[in-house]
Amino acid sequence: MHYRRNGLQGPRLGLVIPKKQACTAVLRNAIKRQVREMFRQRRAILPAVDLVLRLAKPVGRQTSADSYERAGWRNEIGGLLDKVCSKVAP
């Protein structure tokens with residue numbers, strides 16, 4: 001997660017999910033949906049920053065029944081957003 005202050009009223013989000021790291025479109029879209037939802041939930045407490053989430057490590061293939069993997073993503077994404085909140089004072 002990269003972040004930088006912006007001169008706007010609120011936070012903005014950018015996502016970089018390359019095919020090399022998440023091989024199927026279904027997997028890339030699932031990751032994006034999770035990140036966007038976590039961003040929406042924390043938007044009110046986030047400072048005015050531009051956030052860019054870049055997937056750095058490969059993610060294995062996922063089946064629709066693999067909810068444990070999605071819970072892991074949510075925990076990691078939430079932790080990153082909380083870290084940004086604590087590092088950048090509003």
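Start by selecting Arg-42: with a relative accessibility of 16%, Arg-42 counts as buried, since the cut-off is under 20%. Keep in mind that this is a predicted model. Asp-82 itself is partly exposed, at 36%.

Next, colour all of α1, residues 25-42. The helix spans 26 Å from its first C-alpha to its last. Its buried residues include Leu-27, Ile-31, Val-35 and Phe-39. Which exposed residues does the face turned away from the buried side carry? Val-26, Arg-40 and Gln-41.

Stay on Arg-40, exposed at 53%, and show Glu-37, partly exposed at 36%. Their side chains meet in a salt bridge, 3.4 Å from N to O. Both lie in α1, three residues apart, or about one turn of the helix.

Hop over to Ile-77 in helix α2, residues 67-87. Ile-77 is buried, at 8% relative accessibility. Beyond its neighbours within four places in sequence, Ile-77 contacts Gln-34, Val-35 and Met-38.

Last stop: Asp-50 and Arg-12, a salt bridge with closest N and O atoms 2.8 Å apart. Asp-50 belongs to strand β3 and Arg-12 to strand β2, 38 residues apart. Asp-50 is partly exposed at 24%, and Arg-12 is partly exposed at 45%.

Definitions and conventions:
Residues are numbered from 1 along each chain as its sequence is written. This is a predicted model: local features need pLDDT of at least 70, side-chain atom pairs count only at pLDDT 80 or more; totals for chains, interfaces and linings use all residues. Side-chain values use heavy atoms; hydrogens and water are left out. Helices (H or I, at least four residues) and strands (E, at least two) are DSSP runs, numbered from the N terminus. Buried means under 20% relative accessible area, exposed over 50%, partly exposed in between (1.4 Å probe, protein chains only). Contact means heavy atoms within 4.5 Å. The expected span of a helix is 1.5 Å times one less than its number of residues. A salt bridge is a side-chain nitrogen of Lys or Arg within 4 Å of a carboxyl oxygen of Asp or Glu.
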